[in-house]
Amino acid sequence: MTGRNRFELTDIPWDQVGSNLLTACLVAAPLALGFGTGHSVAGGIGALGAYLWTASHITDKRPIGLPIGVVTAMLLGLAGGMGALAGRHLWLLVVLAALWAAFQAVTDVAGGALRLPVALSALCMLLSAIGGGATPIGALRHGLLTLGGAAWITGTEVVRHPPWPSPDRGMQNLGVKAVRAAWPTARPFALLLAVPTALVAVVLGAFQVSHGAWTATTVLRVLRPDEATTIARSWQRAAGTVAGALLAAVLLAAAPTAETAVVVMVVAVTAMQFVGPRRYAVYTFFLTLVALELSSIGHAAAWGVAFIRVLLTLIGVAVAVVSGLVYDRMTSG
């Protein structure tokens, strides 16, 4: 894994504090609006779209081109609607989990602008399936709310950092041709990622495990073609999740309020922009805080969900490591 995982205060670019804080406030705006208007669940879905859009471009240099911004929003909206519908139908969830995992693998091998948007959209699909899913109309609403949150951030990003002076960040930089060309090379990795993700979806979906999608998302985020990277990311994912879940449990038990959820999201998203995904353990710590706060919206405050998150993450880590070991033995033999 490239980059060091340790984060120190001297690493903070203090001149970017204001800009990053503003971004975090914009991400949390749909959540605050939802609470303020009495539509907290809708606000949470919109905030998820805004958050995943921001995470998709957290390592990009400003300004972000309009084409990739729009495509990211559309992918998230599509994934959100698909996931909400798939939550009601196990067979559909398994098929979509495998397809999105394969899509993630191909774009990861291809590199380029679509890599993180596709990976975060795959995550969005699985997270949207939590809670038993929705009817077709409900799934459409869920997708539109996710799209709305992502489109909100796309619009504010264009206003804050106009891409017009940078024509080289246009449609040609989506890298669609590179994705097509990467398919033959990416097929082994696509199979490696799709099979365990689908199997996890089958088992946890069949037994109706609450928040079981968190296990599948862990597999997607830590499993890589080489064994060493998978193991390193697994340790970091586990450590960050445990620490984040412990703090989330305290917050959910002590201050389960709308104001707390918005403040936590603002603080976490601000910090994530400074830390960056290369410091994966610390990044996961803040990611866990956001995930648990959003998943608690619309439900009675239950700090125990934090420990469910830890357990399901550890299961996902184990599945990823075992899958990586089996793959490594098969390909090296």
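This is a predicted model: local features need pLDDT of at least 70, side-chain atom pairs count only at pLDDT 80 or more; totals for chains, interfaces and linings use all residues.
Leu 247 is partly exposed, with a relative accessible area of 35%.

- Setting aside residues up to four places away in sequence, Leu 247 touches Phe 285 and Leu 289.
- Pro 225 is 22 residues from Leu 247 along the chain, and the C-alpha atoms of the two are separated by 32 Å.

**H8, a covered helix**
- Helix H8 spans residues 213–222, and it's mostly covered, with 10 of its 10 residues buried.
- The buried residues include Trp 214, Leu 220 and even the charged Arg 221.

**H8 against H12**
- The axes of H8 and H12 (residues 304–332) come within 8 Å and cross at roughly 45°.
- That angle makes H8 oblique to H12.
- As for handedness, H8 and H12 cross in a right-handed way.
- On the H8 side, the contact is made by Trp 214, Thr 215, Thr 218, Val 219 and Val 222.
- H12 answers with Val 305, Arg 309, Leu 312, Thr 313, Ile 315, Gly 316, Val 317, Val 319 and Ala 320.
- Sorted by class, the residues of this H8–H12 contact come out as nine nonpolar, four polar and one charged.

**H2 against H11**
- Helix H2 (residues 40–56) and H11 have axes that come within 10 Å and cross at roughly 160°.
- H2 and H11 are therefore roughly antiparallel to each other.
- The crossing of H2 past H11 is left-handed.
- H2 brings Gly 44, Ala 47, Leu 48, Tyr 51 and Ala 55 to the contact, while H11 brings Tyr 283, Leu 287, Val 290 and Leu 294.
- By class, the H2–H11 contact has eight nonpolar, one polar and no charged residues.

**The largest nonpolar core**
- Which residues touch the most other members of the largest nonpolar core? They are Tyr 51 and Met 265, out of 93 residues in that core.
- H7 gives the most to this core, with 12 residues.
- Leaving out neighbours within four places in sequence, Tyr 51 is in contact with Val 27, Met 265, Val 269, Met 272, Leu 287 and Val 290.
- Tyr 51 also belongs to the H2 side of the contact with H11, where Leu 287 and Val 290 are on the H11 side.

Methods: Residues are numbered from 1 along each chain as its sequence is written. Side-chain values use heavy atoms; hydrogens and water are left out. Axes are lines fitted to C-alpha atoms, for helices over the stretch in contact, and angles run from 0 to 180 degrees between N-to-C directions. Helices (H or I, at least four residues) and strands (E, at least two) are DSSP runs, numbered from the N terminus. Angles under 35 degrees count as roughly parallel, over 145 as roughly antiparallel, 65 to 115 as roughly perpendicular and the rest as oblique. A crossing is left-handed if the near helix is turned anticlockwise from the far one by less than a right angle, and right-handed if clockwise. Contact means heavy atoms within 4.5 Å. Buried means under 20% relative accessible area, exposed over 50%, partly exposed in between (1.4 Å probe, protein chains only). A nonpolar core is a set of buried Ala, Val, Leu, Ile, Met, Phe, Trp, Tyr and Cys residues joined through side-chain atoms within 4.5 Å.
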